[in-house]
Amino acid sequence: MQKSWHLNRRTFIKGVGAAVLLPYMECMGMGKLSQFAEAPAKPKRMCFVYFPNGVSVPGADHKLYSQWNWFPHKTGSDYEFTDSIAPLSPFKKDMTILGGLSHPNSRYVLGHIAGDTWLTGGDLRGNTYNNSISIDQLAAQKLSKHTRIPYLTLSTDGGVGYKSRASTLSFDANGRAIPSEHRQREIFERYFSPNNGATTKERRKSLQQDKKIVDLVLEDSKSLKKRLGYNDKSKLDEYMTTLNQVEEQVKRNEKWLDVPMKDFDASRLNLDTDATVDPEAYLRSTLDLMILGFETDLTRVMTYMMAREDGLGLGDAFPKLALNLSGHHGMTHDKKAGYQERLGKYDRWLSKQFAYFMDRMKNTRDAHGSLLDNTLVLYGSACSSTHNANNLPLILAGGKNMGLKHGSYEVFDAKHIHMSNLFVSMLNAVGVEVETFADSTGALPAVFN
């Protein structure tokens, strides 16, 4: 017998269906969707590209140090690229290599949990999992008023993963992981062909129906909450928060329904790549979608997790498939002779993929010039070597129209300059004015004017 506080199963399923059919939106912070601001003369964008497990860092006295150390051997503008990052040499004037930065609360955490804090600076020490908002989500709260969707959270594996094995870089205002998307054809059809062949009238009718379904579930949920215990209320609150955000996205979609998307050329997109066969083609397919998202001004905030930590997910097999090496995580623990070179070769392969992205960003132009000049791009990992969350390998690129000066290797005092200082400067550069972020001690000296 159905009790008075039970949700109607058919209504519940319909509500879940509406949520699944729409982009999953956390921490949107957009205010009223009717208040769309005029786009600035030059858009300001933010992008993050992540790889796991650290890099090759032989000691300075090691014979392979000069060739395969990820970091250059000399600071300032006179540095030379090692073989590990040599593919990026054509872009020296468009990027700055950063040394010495890390998140103090993550320096001594167990295993690969530092990856969960790469964009949050959160404190995950102890038994509880209390992460905090990621920089991309804070940026999206302001920048989203100019675009069709607030942000894109992408990965190779999709979903959220779990503690220390996350498959997303993005976390909402409550520190909850935001599911990433990874199915390239679905991403294209959802965001770049939103009507799927339907007329505007048909699409508007569908959006209105979705809104009615969400409203119905919200109404029943509020009634149900009065009869629940503390733990169930907490779970229901999370569910209702998600429904509210879906409802906001429905309103947003209605607002943008009559605004035509900018023309674009999708001829170079390959949406049938297989990560288990050709990892280079797979990664570049996602990178091409990111380029298209910026080119059409679909969003101004993106994250891309190229692979997960600790040998999980498809990315662990990339070294084997691309270079006939062993699995990535296992390779970082291998201490057999020559392991630094093997790691270095994979670092170079990853650098090659990022160089592809840099080249496309630099040579793709919109009405405001090169995409790269109007975008801050951070590339890197949450560890220097596996399980060592100090001196993170980081490259900051782009943003010349935001006043950034590139072309050098800068090393910062880890005691006084935290990675969150970089985030403060990045946020301010894109117009999100903040004085602090996470455990920052101020803004980042150098690089930013």
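Q: What makes S2 a mostly covered strand?
A: This is a predicted model, and in it five of the five residues of S2 are buried.

Q: How do you know that both faces of S2 are covered?
A: In a regular strand the side chains alternate between the two faces of the sheet. For S2, Met95, Ile97 and Gly99 on one side are buried, and so are Thr96 and Leu98 on the other.

Q: Why is S2 said to pair with S10?
A: At least two bridges are needed for two strands to pair. S2 and S10 are joined by four and run antiparallel, so the label applies. As an example, Leu98 stands opposite Leu394 in S10.

Q: What makes S2 and S11 partners, and in which sense do they pair?
A: Three bridges join S2 and S11, in the parallel sense, against a requirement of at least two. Ile97 has Tyr409 as its bridge partner in S11.

Q: Which strands form the open sheet, and in what order?
A: Seven strands, in the order S3-S6-S1-S9-S10-S2-S11, with mixed pairing. S3 and strand S11 (409–411) are the edges: each has a single partner strand, so one side of each has no neighbour in the sheet. From one strand to the next, the twist averages 15°.

Q: How do you know that S9 and S10 pair?
A: Five bridges connect S9 to strand S10 (residues 394–398) in the antiparallel sense, and the rule asks for at least two. Within that pairing, Tyr379 has Ile395 as its bridge partner in S10.

Q: Which helices pack on the sheet or lie across its strands?
A: Helix H3 (residues 135–143) packs on the sheet, touching S1, S3 and strand S6 (301–305), and its direction makes about 155° with that of S6. Helix H11 (residues 419–429) lies across S1, S2, S9 and S10, at about 160° to S9.

Q: Why is the aromatic pair of Phe51 and Tyr379 called tilted?
A: The ring centres are 5.1 Å apart and the planes make 45°. Pairing needs centres within 6.5 Å, while stacked means under 30 degrees and edge-to-face over 60, so this pair falls into the remaining class, tilted. Phe51 sits in the loop between strand S1 (45–50) and helix H2 (65–68) and Tyr379 in strand S9 (residues 375–380), so the pair ties together parts that are 328 residues apart in sequence.

Q: What makes Phe51 and Tyr379 buried?
A: The cut-off is under 20% relative accessible area. Phe51 comes in at 1%, and Tyr379 is also at 1%, so both qualify. Ring pairs also link Phe51, Phe354, Phe357 and Tyr379 into a cluster.

Q: Why does Lys92 count as sitting over the ring of Tyr79?
A: The distance part of the rule asks for a charge within 6 Å of the ring centre. The charged end of Lys92 is 4.3 Å from the centre of the Tyr79 ring, and it sits over that ring.

Q: How do you know that the buried residues of H4 line one face?
A: Helix H4 (residues 184–191) has Gln184, Ile187, Phe188 and Tyr191 as its buried residues. Down the axis of H4 they fall within an arc of 95°, so they line one face. They pack against strand S3 (152–155) and helix H7 (279–295).

Q: What about Ile291: buried or exposed?
A: Ile291 has a relative accessible area of 1%, and under 20% counts as buried. Ile291 is in helix H7. Leaving out residues up to four places away in sequence, Ile291 touches Phe357, Arg360, Met361, Thr364 and Leu371.

Note on methods:
Residues are numbered from 1 along each chain as its sequence is written. This is a predicted model: local features need pLDDT of at least 70, side-chain atom pairs count only at pLDDT 80 or more; totals for chains, interfaces and linings use all residues. Side-chain values use heavy atoms; hydrogens and water are left out. Buried means under 20% relative accessible area, exposed over 50%, partly exposed in between (1.4 Å probe, protein chains only). Helices (H or I, at least four residues) and strands (E, at least two) are DSSP runs, numbered from the N terminus. The arc is that of the directions from the helix axis to the C-beta atoms. Contact means heavy atoms within 4.5 Å. Rings of Phe, Tyr and Trp (its six-membered ring) pair if their centres lie within 6.5 Å; planes under 30 degrees apart count as stacked, over 60 as edge-to-face and the rest as tilted. A charge sits over a ring if NZ of Lys or CZ of Arg is within 6 Å of the ring centre and within 35 degrees of the ring normal. Axes are lines fitted to C-alpha atoms, for helices over the stretch in contact, and angles run from 0 to 180 degrees between N-to-C directions.
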